[in-house]
Amino acid sequence: MSNGPDIVIIGSGMGGATLAASLAPTGRRIVILERGDDIADTPACRDASAIFAQGVFRPDEQWFTPQGEGFNPGNYYYVGGNSRFYGAVLIRFRAEDFGEMHHLGGTSPAWPISYADFEPWYQAAETLYEVRGTLGEDPSEPHHSGTYPFAAVADEPSIARIRAQLAAAGVSPSSLPLGVDAERWLAGGQTPWDAFPDPAGSKKDAASVGLATALQFSNVELIKCAHVTQLVMGDENQITGVDYIKDGKTCRLEPDLTVLSAGAVNSAAILLNSANEAFPTGLANRSDMVGRNFMNHNCSALLAIHPFRRNRAVYQKTIQFNDFYLGGGPEDAPLGNVQLLGKINGPILASQTGLPGPFAAWMAGHSVDWYAMSEDLPDRDSRVTVKNGAIVLDWKRSNWKTHEALVAKTRAVLKRAGSPIVLARAFDRKTPSHQCGTTCFGDDARSSVLDVHCRTHDHRNLFVVDAGFLPNSAAVNPALTIAAQALRVGEHIKQKDLAA
């Protein structure tokens, strides 16, 4: 099978779907290849035991450590990608994240572009994804040229009390910028949205917004259950084919322009799997940087427990504090972001800890659940490789002293705010905590994979638009930044590649 669309986008997550929405009005024939299928609207979508204990949405896949130990990754293969399960936090990187920043564990590199250059694309992405938020509450908040399109999601009574207690404890709680219609969400069931998928579209994710926008145009086609295996290179280093497997058959598309948006790990793996005689270590890899600088946020869950106070919140996830984002650590080093998790209930806690059900239910009923996030610094030896067709992930966790300091600071704040018991547990490699960095962008083709508009240095008609482009991980959720970059790249493609 062979035909020639103008553009093939591989992956329908936040990068691919948003780029498709940007390019759809051009009238060019666009084919989106998605490895997964739609999420069926079944009771499992609102069932904590099904999601956390049974893992019904997790992939039937094994990745490996360099030592050969297999593990089931927490990535998801569905239309909309990992965003279908995200907590809907759509927050900007801080302006300082675009410059070089010194941490306890090393230095975070600067972006090749400034926050001021990128800011209009944040504004556009917030509009597209209908972000709910409030300006002026967060001391680390960067400049906004506009306002949020919707007011912040309201605190539940239990969380409003926590917000007041945090302020009394000396920090600055602020409303999380969220992409969710909370009233519509709750009409579908009294559950959190963090880690819960929503086929009905009340959560503003890559499927319900980016992809839905693109598919309104007749020139855009989505092919589901299409597993891309390799890219094919022709003359002058141009990408001439995209091979994928669907229904057990190998198919090929021959686009003029190819965009990889399969996620930081899988996009790198596809490039590595596409090695040929001219590029023996993988396509776009003359710099030897494909798969390197893998980053995955240092994250911990904290349960702030008051044995005599029930937390009756349903969704909970509406506030954060960034008082330690730019300083406050040893030597006034930056530490990171603290935000609420979606409400943990008994089945979730029991499945993650092995605690007896009744005790887990009691703990969950008396806890407020937090997520502490610190920057993982780039390391060229922290990398994705492929061996015998399987992904090998050698994550070299960095900057851990920073995270330990953030957890200690957070624990102290939560105790001052009235929780006598605060328990903490770090996330491991099985939890994808914002994987990024494997196809870094930059000005120098010797030390980066992509140029500043995410075009590969080595192949003029190949772009990579997902979290792989990030030169640093910062310490906030990257979904909005990926969407903003996709809009920025889409505009560049329209002006430079499709204008003729």
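Modeller: The sulfur of C251 has its closest cysteine sulfur in C225, at 12 Å, which is too far for a bond, and C251 is itself buried at a relative accessible area of 6%, where buried means under 20%, exposed over 50% and partly exposed in between, with a 1.4 Å probe and protein chains only. For the sulfur of C45 the closest cysteine sulfur is again in C225, this time at 16 Å and likewise too far for a bond, while C45 counts as buried at 2% relative accessibility. Over the whole structure the search finds zero disulfides, a disulfide being a pair of cysteine sulfur atoms within 2.5 Å.

Before going on, please keep in mind that this is a predicted model, in which local features need pLDDT of at least 70 and side-chain atom pairs count only at pLDDT 80 or more, although totals for chains, interfaces and linings use all residues. Residues are numbered from 1 along each chain as its sequence is written, and side-chain values use heavy atoms, with hydrogens and water left out.

The empty space inside comes next. Rolling a probe the size of a water molecule over the atoms shows where such space is left. Here the search of the whole structure gives four cavities of 30 Å³ or more, a cavity being a set of points, on a 1 Å grid over the protein atoms alone, where a 1.4 Å probe fits but cannot get out, and its lining being the residues with an atom within 4 Å of a point. The largest cavity holds about 100 Å³ of space, with grid points joined across faces, edges and corners and the volume taken as the space filled by probe spheres set on the points. Its lining has 15 residues, and those nearest the centre are R161, I162, H306, R309 and V368. Helix α4 (157-168) and strand β14 (298-305) each supply at least two residues of that lining, and the largest share, four residues, comes from α4; helices here are DSSP runs of H or I with at least four residues, strands are runs of E with at least two, and both are numbered from the N terminus. By class the lining of the largest cavity has five nonpolar, seven polar and three charged residues, where Ala, Val, Leu, Ile, Met, Phe, Trp, Tyr, Cys and Pro count as nonpolar, Asp, Glu, Lys and Arg as charged, and the others, Gly among them, as polar.

The second largest cavity holds about 80 Å³, and of its 13 lining residues D138, E141, Y148, P177 and Q320 are the closest to the centre. Its lining divides into three nonpolar, five polar and five charged residues.

Leaving aside residues up to four places away in sequence, N298 touches several others, among them A372, M373, W395, R397 and H403, contact meaning heavy atoms within 4.5 Å.

At the start of α8 a side-chain oxygen of N345 reaches to within 3.0 Å of the backbone nitrogen of I348, and just after the helix G354 takes a positive phi of about 80 degrees.

In the loop between α7 (264-273) and β14 lies N285, buried at 4% relative accessibility. A polar atom of its side chain lies 3.0 Å from the backbone nitrogen of M289, and the backbone nitrogen of V290 is 2.9 Å from a polar atom of the side chain of N285. Apart from residues up to four places away in sequence, N285 touches L272, F279, V290 and D458.

Notes: 1 Å grid on protein atoms, 1.4 Å probe; cavity = no way out; pocket = protein on both sides within 12 Å on 5 of 7 lines; lining within 4 Å. Polar contact = N/O pair within 3.5 Å; in protein donor to acceptor, adjacent residues only side chain to side chain.
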